[in-house]
Amino acid sequence: MSKDEGYANLGEVANESVDQTGPVKGDHFVYVDIGSIDRERKTVEAPQTVPVDSAPSRAKQRLSTGDVLVSMTRPNLNAVAIVPAHLDGAIGSTGFHVLRSKHMVSKYLYFLVQSQEFVDAMCAVVQGALYPAVRPGDINAFAMRVPTHSEQTRIVDKLEELLSDLDAGVAELKAAQKKLAQYRQSLLKAAVEGRLTEAWRAKHGEPEESGAQLLERILRERRARWEAKQLAKFEARRKAPAKGWRDNYPEPVAPALKGLPKLPQSWVWASLDQVVYDLRSGTAETSGRQPTDYPVLKSSAVRPGRIDFQALNYLQQDQSDRVDNFLELGDLLITRLSGSVEYVGCCALVKQIPILGVQFPDRIFRGKVSPLFGSLGDFLVCCFRSGYVRTLLEAAAKSTAGHKRISLSDLHGLPIPMPPAAEIAEAVQQFHEMLERADRSDEAIEVAARQSAAQRKNILQAAFSGQLVPQDPNDETASVLLERIRADRAAPSATKARRGRRTANVS
């Protein structure tokens with residue numbers, strides 16, 4: 001690009017010096033670091049008030065109104081902002097490159113560093129894997145078109161007009177998404193507390209089998225399954241059952257009922273231990289990313305109501321002769337450990353197994369739900385996604401080595417509402433029908449949000465390629481502006497050279 005045609009590097013046009021002396025004497029100062037930037041809104045949202053004697057080592061740059069802050073770490077996230085008037089004099093982190101110019105309109109630079117062209121250019125020169133970042137020189141080297149001052153103002157005015165409308169639409173989309181999330185939680189709460197099927201109960205009257213009777217049937221089946229398993233063990237060892245062997249049956253833990261919501265008359269509280277069996281974690285064998293014939297789910301594979309069978313690690317050897325960790329249809333999976341508390345206790349039901357022989361790891365609990373009880377597994381997933389179970393699990397989660405984890409003891413007594421079997425089926429059907437409608441709305445919002453993001457990119461691209469506003473023949477030429485910028489930049493160097501010149505001795 002020829003600079004005579006109105007092009008320059010960003011460092012040429014935004015080269016005003018920034019005081020690097022840090023906070024002055026006093027009790028506290030306002031500190032703007034990278035975490036203070038709202039990446040979506042491109043604003044400073046959460047500056048900190050920090051004691052001077054506790055100033056971070058990066059708290060060096062004294063900011064002025066209109067400074068454009070560009071985070072040098074993870075440039076793909078585009079954490080940029082413009083310093084508002086109320087933060088004039090605040091101290092900024094050295095993790096920012098500060099753009100300051102007396103010749104350029106600050107908001108022009110602010111919008112420029114949001115453009116896809118700038119983001120792509122920075123991503124192309126990023127260094128480091130664990131802490132990817134660019135250097136000030138990388139930002140300064142960005143080649144840009146330099147319009148006249150008047151054109152910059154027209155471009156900024158037009159961008160603010162177009163983007164404010166666009167941002168208002170995006171804000172409405174996000175508000176709608178938030179309402180949908182609240183709606184889902186309301187659906188879950190209504191499903192597990194009986195309000196979702198209230199009209200259905202009124203229509204069908206007293207059930208043939210109450211929730212309490214269903215629980216008794218589940219408990220009988222659970223005990224019968226245990227007894228059959230013990231008899232199979234005796235037979236395998238060719239031994240007669242020991243006297244009183246049935247007395248060794250481990251009674252399931254009863255639910256902890258304190259503080260639970262009131263249930264409909266035909267419902268009863270049960271515990272997870274009462275309604276599932278063989279609840280345990282999976283393989284503890286070392287796994288890796290290199291594909292083998294022994295796939296095992298990652299802990300991140302289980303999310304509320306769904307399982308990602310693409311999220312896999314691989315065992316190095318076959319261990320099928322040691323213990324059965326293979327997934328089966330109808331298994332209930334619950335995350336035991338996660339880096340975030342919101343993902344501890346995520347629950348989903350195995351409804352398909354697209355990969356044969358996939359196993360579950362020790363970071364996931366697996367419980368069996370008898371197929372004799374219809375939609376019980378789906379109803380349990382609803383319970384795990386509901387607010388009261390999430391509250392209990394998050395309160396029980398303990399921190400270990402940067403992770404949150406729950407134990408089997410946290411799950412055994414977990415309270416589960418037990419409706420009549422027919423009402424379980426009705427609640428699950430109604431919930432999924434309503435959830436499907438909400439999901440379709442969510443998908444439409446996502447499409448609209450992607451379209452808005454694409455439109456924003458196109459608007460910015462048009463702005464910085466000279467296509468957003470018409471040219472004004474009365475404007476001074478860009479070359480005149482560039483000459484003035486370069487003259488100002490060269491002036492201190494020339495003065496310094498004159499002051500430093502010494503006269504040669506003549507003999």
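Where pLDDT is low, the predicted coordinates should not be read in detail. The chain has a mean pLDDT of 91, and 96% of its residues reach 70 or more.

The model is predicted: local features need pLDDT of at least 70, side-chain atom pairs count only at pLDDT 80 or more, and totals for chains, interfaces and linings use all residues. Residues are numbered from 1 along each chain as its sequence is written, and side-chain values use heavy atoms, with hydrogens and water left out.

**Helix packing**

Helices (H or I, at least four residues) and strands (E, at least two) are DSSP runs, numbered from the N terminus. Axes are lines fitted to C-alpha atoms, for helices over the stretch in contact, and angles run from 0 to 180 degrees between N-to-C directions. The helices concerned include α5 (residues 149–193), α9 (residues 376–385) and α12 (residues 421–464).

| Helix pair | Angle between axes | Axis distance |
|---|---|---|
| α9 and α12 | about 60 degrees | 9 Å |
| α5 and α12 | roughly 165 degrees | within 10 Å |
| α5 and α9 | roughly 125 degrees | within 9 Å |

Angles under 35 degrees count as roughly parallel, over 145 as roughly antiparallel, 65 to 115 as roughly perpendicular and the rest as oblique. With an angle of about 60 degrees, α9 and α12 are therefore oblique to each other. The crossing of α9 and α12 is left-handed, a term for a near helix turned anticlockwise from the far one by less than a right angle (right-handed if clockwise). On the α9 side the contact is made by Leu376, Asp378, Phe379, Cys382 and Arg385, and on the α12 side by Ile424, Ala427, Val428, Phe431, His432 and Leu435. By class, this contact of α9 with α12 has eight nonpolar, one polar and two charged residues. Here Ala, Val, Leu, Ile, Met, Phe, Trp, Tyr, Cys and Pro count as nonpolar, Asp, Glu, Lys and Arg as charged, and the others, Gly among them, as polar.

The axes of α5 and α12 cross at roughly 165 degrees, which makes α5 roughly antiparallel to α12. This crossing is left-handed, and the contact of α5 with α12 has 25 nonpolar, four polar and six charged residues.

For α5 and α9, the axes cross at roughly 125 degrees, which makes α5 oblique to α9. The crossing of α5 and α9 is left-handed. Gln185, Leu188, Ala191 and Val192 of α5 meet Phe379, Cys382, Cys383 and Arg385 of α9; six of these residues are nonpolar, one is polar and one is charged.

**Sheets**

Two strands pair if DSSP finds at least two bridges between them. An open sheet of four strands, with antiparallel pairing, has the order β13-β22-β19-β21. Its edge strands, each pairing on one side only, are β13 (277–281) and β21 (347–349). Neighbouring strands of this sheet are turned by 20 degrees against each other on average, direction ignored. Four bridges join β19 (residues 332–335) and β22 (residues 364–368) in the antiparallel sense, and Leu332 has Gly367 of β22 as its bridge partner. Helix α9 packs on this sheet, touching β19 and β21, and its direction makes about 165 degrees with that of β21.

An open sheet of three strands has the order β14-β18-β15, also with antiparallel pairing. Strands β15 and β18 (residues 312–315) run antiparallel and are joined by three bridges; the partner of Pro295 in β18 is Tyr314.

How values were computed. Contact means heavy atoms within 4.5 Å. pLDDT is the predictor's confidence in each residue, from 0 to 100.
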